[in-house]
Number of protein chains: 2
Amino acid sequence: MRGDLERLSRRLGHTFGDQRLLEAALTHRSAGSANNERLEFLGDAVLSFVISAELYERFSKANEGTLSRLRAALVKGETLARLAITLDLGEHLRLGPGELKSGGFRRESILADGLEALIGAVYLDAGIAAARTRILSLFEEELQNVSPSEVLKDPKTRLQELLQSRHEPLPGYSVLSVEGDAHEQTFVVGCRISGLDMLVKGTGGSRRKAEQAAAKAALEQLENG
Amino acid sequence: MRGDLERLSRRLGHTFGDQRLLEAALTHRSAGSANNERLEFLGDAVLSFVISAELYERFSKANEGTLSRLRAALVKGETLARLAITLDLGEHLRLGPGELKSGGFRRESILADGLEALIGAVYLDAGIAAARTRILSLFEEELQNVSPSEVLKDPKTRLQELLQSRHEPLPGYSVLSVEGDAHEQTFVVGCRISGLDMLVKGTGGSRRKAEQAAAKAALEQLENG
């Protein structure tokens, strides 16, 4: 085993039986065709399952919406990238020449995907119980710090989550009209929910506020309808 | 055990150790506070994990995008509702008085959610291996019939999936201008990707076509960028 991979295995708490899985998990798509994209798909599902089951157990009073928001808060790219950094994952990823120079958001996304791929690889190497143990160990602090009261969300996000939970298409927003002088404009935005044949309007002093108002009105119609 | 529940257990192939889990899985939110929403949250994650792992194994050449589309084709509400009907799930669901009269899409969604809740209940009752066996048995025909060549998707869907896989916000579309006579209009639509600070334009003879053109252009920029 490459010496640096031994260090990564130690940090992760898992020694791979099949080294090729670890190598594949660490290969970004920019570095070749035997890359980590398929493992990322798998790891994403493993992670979501393990975190969902854990949240279900820990928050026995939380309803579905709160559980979904807790999960979204835990498995978002930013958190995954931060956890990837605790493993020094960036040092071990194989990237194509173009990607080596990229920074910021792009880099965060590569780290998050790499961590998901690594989780997928642990699952294939040793099964769901081993993957679960590694995930809960990685997310220990996150799980302790996340709380239902902190994940209350804005109407647009809640509308999106409600529609996803009902297997309906996502909403579309469009500005229907803008009135008033430049410094005192009123936006009217339509929120279109195609699966439900709905168009709901919202008004506000900015496009963003009008969108939130439209989403709020749509939520109310959906929850009472 | 209620006689009808025994029939359901037989169809499902799982006899519950904890009957309360089965009762909860069959209780729609319209019928009380001890309903199936939390179990649905859990079952959705269990289902997604089991199907993802199965697709990963069966389609060893499929890339991440194809695997995501195959999964979306298998776990969509319409399919879940159809499988729920094979279990006669509708006969066993406890619904509030208002819901009993509802039909069509609403009913399909209640059945799909009920099946996910049932899967969550099996998982809690007997563990992931038991849930996996039940899921693969339920989805056996679907898994045999689904094929990568059938899940090629339109640019808007592919753009949405690409952004989701990169943990980036979803795109927004808006009509920038409409020109020409009523029977020969040209739409210009902007596709906004806020996380990436992009606005890409597309043109077409209808709003829908212009949106697809904008999504296609955005996909090209993202995939080459």
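In what order do the three strands of the open sheet in chain B stand, and is their pairing parallel or antiparallel? The order is 1-2-3, and the pairing is antiparallel. Here strands are DSSP runs of E with at least two residues, helices are runs of H or I with at least four residues, and both are numbered from the N terminus. Two strands count as paired if DSSP finds at least two bridges between them.

The structure is a predicted model, in which local features need pLDDT of at least 70 and side-chain atom pairs count only at pLDDT 80 or more, while totals for chains, interfaces and linings use all residues. Residues are numbered from 1 along each chain as its sequence is written, chains are lettered from A and ligands numbered from 1 in the order in which they are written, and side-chain values use heavy atoms, with hydrogens and water left out.

In the sheet of chain B, strand 1 (172-179) and strand 3 (198-204) stand at the edges with a single partner strand each, so one side of each has no neighbour in the sheet. Neighbouring strands of this sheet are turned by 25 degrees against each other on average, direction ignored; the axes behind such angles are lines fitted to C-alpha atoms, for helices over the stretch in contact, and angles run from 0 to 180 degrees between N-to-C directions. Strand 2 (residues 186-193) of chain B is joined to strand 3 of chain B by seven bridges. Within this pair, B:Val188 has B:Thr203 as its bridge partner.

Chain A also has an open sheet of three strands in the order 1-2-3, with antiparallel pairing. In chain A, A:Val188 stands opposite A:Thr203 in strand 3.

We now turn to how the chains are related. Two copies of a chain are related by a rotation about an axis and a shift along it. Chain A can be laid on chain B with an RMSD of 0.3 Å by a turn of 180 degrees and a shift of 0.0 Å along the axis, where copies are superposed by least squares on the C-alpha atoms of residues with pLDDT of at least 70 in both. This is the relation of a two-fold axis. The C-alpha of A:Ser174 is the one nearest the axis in chain A, at 2.6 Å from it. The same surface serves both copies, since 100% of the contact residues of chain A recur in chain B; contact means heavy atoms within 4.5 Å.

The contact takes 47 residues from chain A and 47 residues from chain B. About 3,800 Å² is buried between the two chains, and carbon and sulfur atoms give 57% of this area. Buried area is the accessible area (1.4 Å probe) that two parts lose on being put together, summed over both. In chain A, the residues that lose the most area to chain B are A:Arg38, A:Phe41 and A:Tyr56, together 23% of what that side buries.

One salt bridge is found across this interface, a salt bridge being a side-chain nitrogen of Lys or Arg within 4 Å of a carboxyl oxygen of Asp or Glu. The side chains that meet in it are those of A:Glu211 and B:Arg192 (4.0 Å, N to O).
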